[in-house]
Structures are given as C-alpha cells and as structure tokens.
Amino acid sequence: MSQARPVRAPRGNQLSCQSWQTEAALRMLMNNLDPEVAEKPDDLIVYGGRGRAARNWDAFDAIVRALRELENDETLLVQSGKPVGVLKTHADAPRVLIANSNIVPAWATQENFDQYERDGLMMYGQMTAGSWIYIGTQGILQGTYETLGALAQKHFGGTLKGKFVLTAGLGGMGGAQPLAVTMNEGVALVVEIDRARAQRRLETRYLDELTDNLEDAMTRVEEAKKKGEAKSIGLIGNAAEIFTELVTRGVVPDVVTDQTPAHDPQFYIPDGMNMQDAETMRREDAAGYQRRSMQAMAKHVRAMLAFQKKGAVVFDYGNNLRQRAFDAGVTDAFDYPGFVPAYIRPLFCEGKGPFRWVALSGDPQDIYRTDEAILELFPDDAHLARWIRLARERVAFQGLPARICWLGYGERARAGLKFNELVARGQISAPIVIGRDHLDSGSVASPRRETEAMKDGSDAIADWPLLNALVNAVNGATWVSIHHGGGVGIGYSIHAGQVIVADGTRDAARRIERVLNSDPATGVLRHADAGYAEARDFARANNINVPMLDESR
Ligand code: NAD
C-alpha cells in the first residue's frame with residue numbers, strides 16, 4: 001500500500017513523460033495535490049467536500065506510472081480515480097479519458113455512492129478535482145467577482161461600496177468570497193467553523209481580518225460600511241447559528257449568500273457541534289449525522305429567507321443548500337433564486353465562461369506574459385482589463401502559476417492560439433495548459449445550479465454535457481472527463497471537462513482552434529435551443545450552424 005506524502009508538480013523544461021501532452025496531465029494531477037493547492041492532500045482531497053484527484057495512493061502511483069509510459073498514440077482510461085486501461089488510439093485523440101462518480105440514474109443516491117466509495121469502487125470527482133485542472137482559490141475568485149459584479153450592477157448601481165455582504169464557508173471555493181467582495185469595494189462578513197481554513201485565507205491574503213466574537217465582527221462591519229471601506233472579516237462560528245442570531249438581533253445585511261458544503265450533508269457541520277464532535281459522529285453514526293446536518297441546513301435557510309423578507313438581496317451560490325432545506329421541510333426554500341438565472345445566464349448565451357490556463361514551467365513570468373497577451377487581444381474590454389490588473393496585484397499563485405478570466409465563443413480560440421504562438425516563439429518558457437471549470441455554458445446539466453429555471457423547462461436534461469464531452473474528445477482535447485454530482489452532490493448534476501495543451505506545435509494549434517471553438521459553441525447551441533434570444537442572435541452573428549434555429553422556441 002502506498003502512503004500519503006507531499007506531492008508537487010515538476011517545474012521547468014525537462015520531460016519525464018513521452019510528450020508535453022502526457023507531461024501536462026502528470027503535472028496537473030500532481031499540482032492538484034500540491035499542499036499549496038489541495039485542501040486535504042494526504043487524503044487526496046483537492047476541494048469541495050471530498051473531491052479527489054485519485055481514488056487512493058496506489059491508484060495515484062499507477063496513474064503516474066501509466067502517464068510516464070504512455071505513447072503518443074495511446075489513451076489512458078481512468079475510472080473514478082483509478083487507471084483501468086491503456087488503449088491504442090491515435091495522435092490527435094485525447095491522451096486521457098476520465099469518468100468520475102457516474103451511477104445509473106435510479107441508483108444515483110448519496111447512500112449508494114457512499115457504499116461504493118467505502119467498497120473502494122468509486123471516488124467523488126467534484127468538477128476540477130478528478131479532472132486535474134483545479135488552480136486553487138483563484139479559479140472561483142473570478143467567477144465570484146463576475147457574479148458579485150453583475151449583482152452590484154443590477155441592484156446597487158455597479159458597486160458594493162458601503163454594502164454589507166453576509167456569507168459562510170472559507171473552504172477551497174468559498175475562500176474566494178471575501179476577496180471577491182472587496183474587489184467589488186464591499187464589506188464581507190464570512191462565517192467559518194474551521195479555524196484552520198479561516199487562517200489559511202488570511203495567510204493567502206483572501207481575507208483581511210479574523211475574529212471569534214460576533215459583537216466585535218459587527219462593530220468592524222459597521223465601521224467599514226460607514227467609511228465606505230472595502231474590508232473582509234472572518235468570524236469563527238457556525239453559519240446556521242450565527243445567521244439565526246443576526247436575524248434575532250434585527251440585523252439586515254445588504255446581500256446574503258452561502259458557500260458551506262451543503263452539496264454533501266456528511267461534510268456540512270451541524271449547529272451545536274465542533275469539528276471534533278462532527279468527525280466522531282460522522283464516523284460512528286453517519287445516518288444520525290445526516291439528520292442533524294439536514295436540520296441545521298433547514299435552520300440556515302430559514303434565516304436566509306428571513307433576511308430576504310426584510311429586504312436583503314439573497315441568492316443561492318450553487319451548493320444545493322435550498323434543496324437540503326426543502327428536503328428537511330422548508331417548503332419555501334426556493335423563494336430565493338440561484339445565481340445563474342439571476343446573474344450569469346446572459347453570459348452563458350454567448351459561450352462565456354471560466355477560461356483558465358496554467359504555466360507548466362512554474363515561472364510566474366510566463367503567466368504575466370499571457371496577461372499582457374490578453375490585454376493586447378481584447379483592448380476594448382474594460383471589465384476584463386480591471387480583472388487582469390486586480391488579479392495580478394492581489395492574487396497569490398497556489399502551485400503552478402495560473403490565470404483565469406471569463407471569455408466567450410471566438411475569444412477563447414483567439415487566446416489559445418496566441419498562447420500557442422508565444423510558446424512556439426520561445427516568449428513563454430514551456431507549454432501552457434488551457435482548461436476550464438465544468439460550471440460552463442455548455443458543459444453541465446444541473447437543475448439546481450447552472451441549468452436552473454431554463455426557459456424551455458429542460459433543466460434536468462443531461463444530453464448536453466455528454467455531447468460537449470464527445471465533441472471535445474473527437475476534436476482532440478488532451479484530456480476529457482465526464483462526471484456526476486460535482487458542485488451540488490450525487491444525483492443533482494452531470495458535467496464534462498476538457499483540458500488542452502498549447503505546446504507551440506502546429507498540431508496543437510489545429511487542435512486548439514477546433515476544441516476552443518466547439519467547446520463554447522455547445523453552450524451557445526444549448527441556450528439557443530432552449531429559446532434564449534441572446535443565444536440565437538449570437539449564433540446568427542457568429543455563423544454557428546444551428547439546423548433548426550428559426551424553429552426553436
Ligand atoms: P469545502 O469543503 O472546501 O469548504 C467548505 C467550508 O465550509 C469548510 O471550510 C467548512 O469548515 C465550512 N463549513 C461547513 N459547515 C459549516 C457551517 N455549518 N458553518 C460554517 N462553516 C461551515 O468546499 P468548497 O470547495 O469551498 O465549496 C463550498 C460549496 O460551494 C460546495 O457545495 C460547492 O459545490 C459550492 N460551490 C459553488 C460554486 C458555484 O456554483 N458558484 C462554486 C464553488 C463552490
């Protein structure tokens with residue numbers, strides 16, 4: 001049995017695999033487990049509750065061995081974090097195909113998944129954990145910055161200055177919240193039960209201040225609000241308890257949301273428990289824990305509904321908290337909206353979503369060079385330029401240097417080809433990998449999140465992410481993955497990922513152009529088919545061939 005150990009991706013130009021395609025997969029798998037990147041690297045957990053990069057340490061070692069040996073006309077198949085085969089394919093095929101946590105629909109319950117996991121048959125892949133393209137908290141920072149920016153635009157004239165945002169969860173994803181609020185000039189109070197997590201956000205400069213005391217926290221919030229100062233305060237405590245206490249005190253924040261791990265009731269910490277109690281009960285009485293957790297989530301949502309009734313802008317940030325509360329008897333849990341229909345869908349209609357890239361050299365200068373390339377490519381996009389400048393100033397890299405920005409159909413291929421050209425000319429010192437989150441315009445079916453409240457009622461139809469994965473594989477993405485349950489939990493989503501390597505070759509350029517066009521195009525198709533005028537107009541204007549465009553609703 002292999003043991004847990006610190007893992008860090010190799011840097012520089014020396015290959016330990018047969019090509020940059022396989023080297024990229026190897027480095028990105030390892031980078032997902034870098035102690036600077038992963039939430040619990042010893043357990044192979046990258047982020048999002050128990051989202052893993054490999055099923056166990058033996059499987060990790062076997063994937064590494066297989067990648068080192070993989071030829072350029074072979075493809076490695078990975079089933080829920082375990083390498084299960086190497087097949088002859090061809091040079092333009094993906095080097096790795098990944099399927100994570102997929103269960104036949106009628107069996108796709110949390111209980112069955114937990115049993116399969118205990119039996120060693122599966123792992124939970126989350127979105128970018130099991131598909132090896134997690135880039136630390138920066139990834140979600142951009143999405144959160146975009147969402148809060150859109151919210152500020154809709155409700156507060158474009159800024160959160162002088163506004164109080166209450167939220168919870170400082171984990172791998174939730175940790176982006178305080179910085180995303182201050183980047184939008186607001187005041188954040190973030191409730192987190194685990195001191196170590198909160199401390200980590202302070203150290204990486206995502207969080208400004210930390211306190212154990214609610215009075216103290218509220219005094220700091222009020223002062224910052226009055227001064228119009230951008231500030232984030234972490235408060236050690238339980239969200240269900242603190243939110244309820246604030247309602248009782250008559251406090252009304254301007255904005256309320258949440259990023260505790262509600263997608264997984266075994267990881268949400270019920271009220272009245274410390275971390276140690278939670279761990280013990282989870283181990284000794286999982287069913288009892290689940291009940292306590294569901295009750296706590298009901299309490300948490302009741303408080304959010306109370307804030308909404310008093311005038312706060314309340315939205316769900318995609319962790320399935322409303323569903324848990326609804327299942328625990330809160331019949332009006334869905335009275336507040338999810339963030340996608342409220343703020344993000346217009347972007348999805350243009351294939352716009354979380355485009356990200358990583359410098360395999362490990363050299364931050366390579367990312368700075370790509371930052372400049374983005375600014376040169378899109379000189380008229382002030383919002384994008386602001387993000388790139390702020391990211392450069394405020395974001396500490398975790399693991400291999402990386403960058404993210406939201407780009408749409410057309411823009412992504414231009415950026416990818418430009419990066420490939422910079423690698424070819426030696427202006428970037430080693431290849432760049434280009435990927436994205438699965439939370440993207442065409443790559444996910446998730447009725448409680450990305451596809452909530454679709455215009456034609458197609459929220460739960462999962463043909464779309466499967467088509468997305470198929471076309472990306474056919475077009476030659478370097479690795480392609482199909483997952484179930486990421487973000488919102490088992491039974492609630494099907495989604496797909498792709499990652500492509502820009503190694504400076506002409507072959508890579510051809511693949512990049514195909515993949516980075518077809519990938520966001522599936523998002524435009526999905527939204528055009530659902531009847532969104534923005535997507536239909538965009539398809540027409542960009543010559544995206546939609547056979548029944550004029551007949552679609
Ligand atoms: P995580 O497991 O890394 O972190 C969750 C954090 O919440 C932990 O630090 C934990 O200690 C804390 N926590 C648990 N119960 C709590 C409680 N009752 N009160 C206060 N703190 C509590 O998870 P993550 O990667 O940060 O993701 C959080 C959730 O947000 C997930 O459900 C994820 O799917 C969702 N999410 C949604 C989006 C999106 O769609 N925008 C993006 C990212 C994450």
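**Close-up views of helix packing and the ligand site**

**View 1. Helix H4 packs against helix H12.** H4 and helix H12 (residues 339–348) have axes 10 Å apart and pack at an angle of about 100°. Axes here are lines fitted to C-alpha atoms, for helices over the stretch in contact, and angles run from 0 to 180 degrees between N-to-C directions. Helices (H or I, at least four residues) are DSSP runs, numbered from the N terminus, as are strands (E, at least two). H4 and H12 are therefore roughly perpendicular to each other. Angles of 65 to 115 degrees count as roughly perpendicular, under 35 as roughly parallel, over 145 as roughly antiparallel and the rest as oblique. From H4, the contact takes in Glu-146, Thr-147, Ala-150, Leu-151, Lys-154 and His-155. From H12 come Phe-339, Ala-342, Tyr-343, Ile-344 and Leu-347. Contact means heavy atoms within 4.5 Å. Seven of these residues are nonpolar, two polar and two charged. Ala, Val, Leu, Ile, Met, Phe, Trp, Tyr, Cys and Pro count as nonpolar, Asp, Glu, Lys and Arg as charged, and the others, Gly among them, as polar.

The model is predicted: local features need pLDDT of at least 70, side-chain atom pairs count only at pLDDT 80 or more, and totals for chains, interfaces and linings use all residues. Residues are numbered from 1 along each chain as its sequence is written, and side-chain values use heavy atoms, with hydrogens and water left out.

**View 2. Helix H4 also packs against helix H14.** H4 spans residues 137–155 and H14 residues 382–394. Their axes lie 12 Å apart, at an angle of about 140°. That makes H4 oblique to H14. On the H4 side are Gln-138, Leu-141, Gln-142, Tyr-145 and Glu-146. They meet His-383, Arg-386, Trp-387 and Leu-390 of H14. This contact has four nonpolar, three polar and two charged residues.

**View 3. Helix H13 crosses helix H15.** The axes of H13 (residues 364–377) and H15 (residues 411–424) come within 10 Å and cross at roughly 135°. H13 is therefore oblique to H15. H13 contributes Arg-369, Thr-370, Ala-373, Ile-374 and Leu-377. H15 contributes Arg-414, Ala-415, Lys-418, Phe-419 and Leu-422. Six residues of this contact are nonpolar, one is polar and three are charged.

View 4. A backbone N or O atom of Gly-49 lies 2.9 Å from a ligand oxygen atom. For Ala-239, a backbone N or O atom is 2.9 Å from a ligand nitrogen atom.

How values were computed:
Polar contact = N/O pair within 3.5 Å; in protein donor to acceptor, adjacent residues only side chain to side chain.
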